[in-house]
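Trainee: Could you take me through how to read this fold and its pockets, with the cut-offs as we go?

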Amino acid sequence: MNKLEVIGNLGADAEVKIENGHKFVSLSIADSRRRKKEDGSYEERTTWISATINGDGGELLKYLVKGAKVWAMGDMEVRTYHSEKQHALVAGVKMFIRDIQLISTNVDEVPRELYDKD
């Protein structure tokens with residue numbers, strides 16, 4: 001089993017979805033890194049992580065909003081798919097969240113630990 005731990009910003013508000021009768025929360029986490037190139041300029045690369053939390057999310061949904069910075073840990077899967085936009089086979093990272101904590105958001109009075117499956 002592969003584990004993943006990431007700190008990043010949510011790219012959109014989290015959504016509750018139902019697939020095959022199973023409820024889950026779907027969210028996208030952006031992991032951005034900035035590096036200095038040989039010419040002295042900077043380049044930023046962003047890896048998007050598609051993530052899910054089992055269940056309907058309860059009270060934590062109101063805190064999982066676009067731009068919120070989170071720390072998340074869970075099981076990881078690498079998936080490949082054909083990108084119509086890039087006309088190529090690309091890889092993506094899928095994360096099944098087991099623990100998530102809010103680092104920052106614009107929402108007042110937010111609990112730091114939002115979800116802990118264990």
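Mentor: Read along the sequence, the chain in this predicted model runs β-β-β-β-β-β-β, which comes to zero helices and seven strands; helices (H or I, at least four residues) and strands (E, at least two) are DSSP runs, numbered from the N terminus. Residues are numbered from 1 along each chain as its sequence is written. In this predicted model, local features need pLDDT of at least 70 and side-chain atom pairs count only at pLDDT 80 or more, while totals for chains, interfaces and linings use all residues, and side-chain values use heavy atoms, with hydrogens and water left out.

Trainee: What volume does the largest pocket have, and which residues are the closest to its centre?

Mentor: Rolling a probe the size of a water molecule over the atoms shows where empty space is left. Here the largest pocket has a volume of about 250 Å³, and of its 13 lining residues the closest to the centre are Trp48, Tyr81, Ala91, Gly92 and Val93. On a 1 Å grid over the protein atoms alone, a pocket is an open set of points where a 1.4 Å probe fits, with protein on both sides within 12 Å along at least five of seven lines, and lining residues have an atom within 4 Å of a point; points are joined across faces, edges and corners, and the volume is the space filled by probe spheres set on them.

Trainee: Which elements give two or more residues to that lining?

Mentor: They are β4 (42-54), β5 (69-83) and β6 (88-104), and β6 gives the most, with five residues.
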